[in-house]
Amino acid sequence: MRYKLTHNLGLKLLSVLAACLIWLVVMDSNDPEKQQVYRNVPVTIKNQDTITNANKTYTVVGGADKVSVYVTARRSVRTRLSASSFTVRADLENYNEAIGSVPLEVTCSDPSVSQEDMRIQPASMKIKMEDKIEETFGIVATTSGNAAKGFEVGSTTVLTGDTIKIAGPESLISIIGKVTVPVDVTYMSEDSVQQLPIRIEDKNGAELTDSQWSNLELKNMDGIVLKDNLAEVGVEIWRIYGEIALQAELTGEPASGYEVTDVTISPRTVNLTASAAAIEKLGNSLTLQDTFDISGVSENIEFTADLSNTLSQYEDVRLEADASPAVTVTVTIDEVGSKTIEFPVSELTLNNAPAGKRLIFSPTDKLAINIRSTEEHLGEIDVEDIKAEIDLSGCQANGSYTLPVTVEVPEGCELGAEVSIVVNVEEEEQEAEVELQTEE
C-alpha cells in the first residue's frame with residue numbers, strides 16, 4: 001500500500017499542481033477581478049455640534065453631498081453590492097480650516113470588501129464656515145385646486161403665526177425671498193385645520209434644495225422650533241349663494257315735467273361667496289352703495305357702478321370667483337304723461353325681407369318706444385298693446401341701412417318720438433355640401 005502511494009510521487013504532485021493551476025485559470029476567467037463605480041452615495045455628516053455649539057454654521061460648497069465609490073473586486077462580490085452597501089462619513093472634527101474641507105471615510109457592509117479595495121471620488125467635502133444669524137419672515141398660506149362645487153375658499157390663516165424666525169448661514173438667509181404654506185383645497189366643502197410643510201423660495205422663485213434646508217432652523221415667534229418644519233393652517237370654506245338681487249337708490253329729482261318710469265340693473269342678480277353668518281345678515285338682496293343722482297335730468301341716463309365698493313362695506317362677503325364687479329344702472333325718464341316701452345326686436349314684423357340674406361339688427365334685443373297720452377290708463381299699457389313693423393324692400397343688396405319703424409299705438413295715445421333701427425344685410429352662409437363616395 002505504501003508503495004502505491006509513493007510510486008511516481010513526483011508525477012502525482014505535478015498532476016495536483018496542474019489541477020490547481022487549471023482551477024485558478026477557470027475561476028479567474030469566470031469570476032474576474034475588475035473595478036466598478038457606485039454613484040450617488042449620500043454623505044453622512046458627523047459631529048455637527050462641534051460647529052453649532054460655537055454659534056457657527058456651515059454649508060456644503062456646490063451642494064455636493066453625494067459621492068461615487070470605486071470598488072475593485074471579483075464579479076461575484078460586485079454583483080451583490082449597490083450604492084446602499086456603502087456608508088460615507090464626513091467628520092467635522094477633522095475639518096481642515098486652511099483648505100476648507102473635510103476628508104471622507106467609507107465603509108462597506110460586505111466584509112469581503114476591504115478599505116484597500118475602495119476609493120471615493122471626491123475624496124473630501126468642501127465646507128464653508130459662516131456665522132449663524134436669525135431673521136424674521138412673513139409667512140402666508142397659498143391655495144391650489146378648487147373646492148367642491150358650490151363652495152370656495154373663504155379665508156386661510158397660519159395659526160402658528162403670520163411671521164416666523166429662520167436661523168442659518170448668512171449667505172443662505174440673505175437669498176430667502178418668500179415663505180409660504182401650500183394648501184390643496186381640492187373638493188373641500190368644510191372648514192379644516194391641518195399641519196402642512198413650509199415652503200421656502202429664494203429671490204428668483206426657486207425652492208430651496210434639501211441641502212440648503214438642512215442648514216436652517218425654523219421657529220415660531222416664541223423661539224420654539226417648528227417640528228418637522230410644519231405649520232398649522234386653518235382653512236375656512238364658504239358657500240356660494242346665488243340669485244342675490246341688486247337694488248339701486250336714486251338721489252335728486254328729474255327736471256320739471258319729467259318723471260322716473262323705470263330703473264333696470266344689469267346684471268339683475270349676482271352670486272356671492274360668504275360665510276353663513278354674513279349671508280344671514282345680508283339677506284337676499286344687496287343695495288348698491290354708489291350714488292345715482294338724477295337731479296334736473298330730462299332723458300334716459302345710464303350709470304356704471306363697481307360692486308367692489310358695495311361689498312367692501314361687509315365682512316366675510318365677496319363676489320364669486322372670476323365674476324365681474326361691473327354693474328350698469330339704467331334710469332328711464334319720461335315726460336309726465338308719457339311712457340317708454342321696451343319693445344322686443346324679435347316681435348318686429350318684417351315686410352319684404354330679402355331672400356337668401358342674413359339680417360343683423362342694432363339694437364339687437366329691444367327698441368325704446370315712447371308713448372304719450374292723457375288717458376289715465378297709460379300706466380297699464382304694455383308691449384302686447386303695441387305693434388311695430390319695418391319695410392325691407394330697399395335692402396336687397398348687402399350693406400347697412402337705417403330704417404324707420406312704423407309703430408301702431410293704442411287708441412288715445414300717440415308716439416312720443418320717431419323710432420328707427422339699423423339693419424345690416426349680409427350673404428347668408430351656405431351649408432357645405434358633402435359628397436359621399438362609395439367604393440365599388
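**Exercise 1: A negative patch**

In the loop that joins strand E11 (176-184) to strand E12 (192-197) lies Glu 190; helices (H or I, at least four residues) and strands (E, at least two) are DSSP runs, numbered from the N terminus. The model is predicted: local features need pLDDT of at least 70, side-chain atom pairs count only at pLDDT 80 or more, and totals for chains, interfaces and linings use all residues. Residues are numbered from 1 along each chain as its sequence is written, and side-chain values use heavy atoms, with hydrogens and water left out.

Task: State whether Glu 190 is buried or exposed, and name the residues that form a negative surface patch with Glu 190.

Solution. 
1. Glu 190 has a relative accessible area of 58% and is therefore exposed (buried means under 20%, exposed over 50%, partly exposed in between; 1.4 Å probe, protein chains only).
2. The negative patch comprises Glu 190, Asp 191, Glu 236, Glu 315 and Asp 316 (patch residues have over 30% relative accessible area and no salt bridge, and like charges are joined within 9 Å).

**Exercise 2: Salt bridges across the sequence**

Task: Determine how many salt bridges the structure holds, and locate the partners of the Asp 131 and Lys 56 pair.

Solution. 
1. There are eleven salt bridges in the structure (a side-chain nitrogen of Lys or Arg within 4 Å of a carboxyl oxygen of Asp or Glu).
2. In the bridge between Asp 131 and Lys 56, the closest N and O atoms are 2.8 Å apart. Asp 131 belongs to strand E7 (residues 124-138) and Lys 56 to strand E2 (residues 56-60), 75 residues apart, and the pair links distant parts of the chain.
3. Asp 131 is partly exposed at 45% relative accessibility, and Lys 56 is partly exposed at 35%.
4. Glu 426 and Arg 358 also form a salt bridge (3.5 Å, N to O). Because Glu 426 lies in strand E32 (residues 420-427) and Arg 358 in strand E26 (residues 357-362), this pair ties together parts that are 68 residues apart in sequence.

**Exercise 3: A network**

Task: Identify the salt-bridge network that includes Glu 201, and classify Glu 201 as buried or exposed.

Solution. 
1. The network links Lys 178, Arg 199, Glu 201 and Glu 207.
2. Within it, the side chains of Glu 201 and Arg 199 meet at 2.8 Å, N to O.
3. Glu 201 is buried, at 12% relative accessibility, whereas Arg 199 is partly exposed at 25%.

Methods. Patch = residues over 30% accessible without salt bridge, like charges linked within 9 Å, V, L, I, M, F, W, Y side chains within 5 Å. Areas by Shrake-Rupley, 256 points an atom, 1.4 Å probe, with all protein chains shown as cover. Lys, Arg positive; Asp, Glu negative; His and termini not counted. Charge placed at Lys NZ, Arg CZ, Asp CG, Glu CD.
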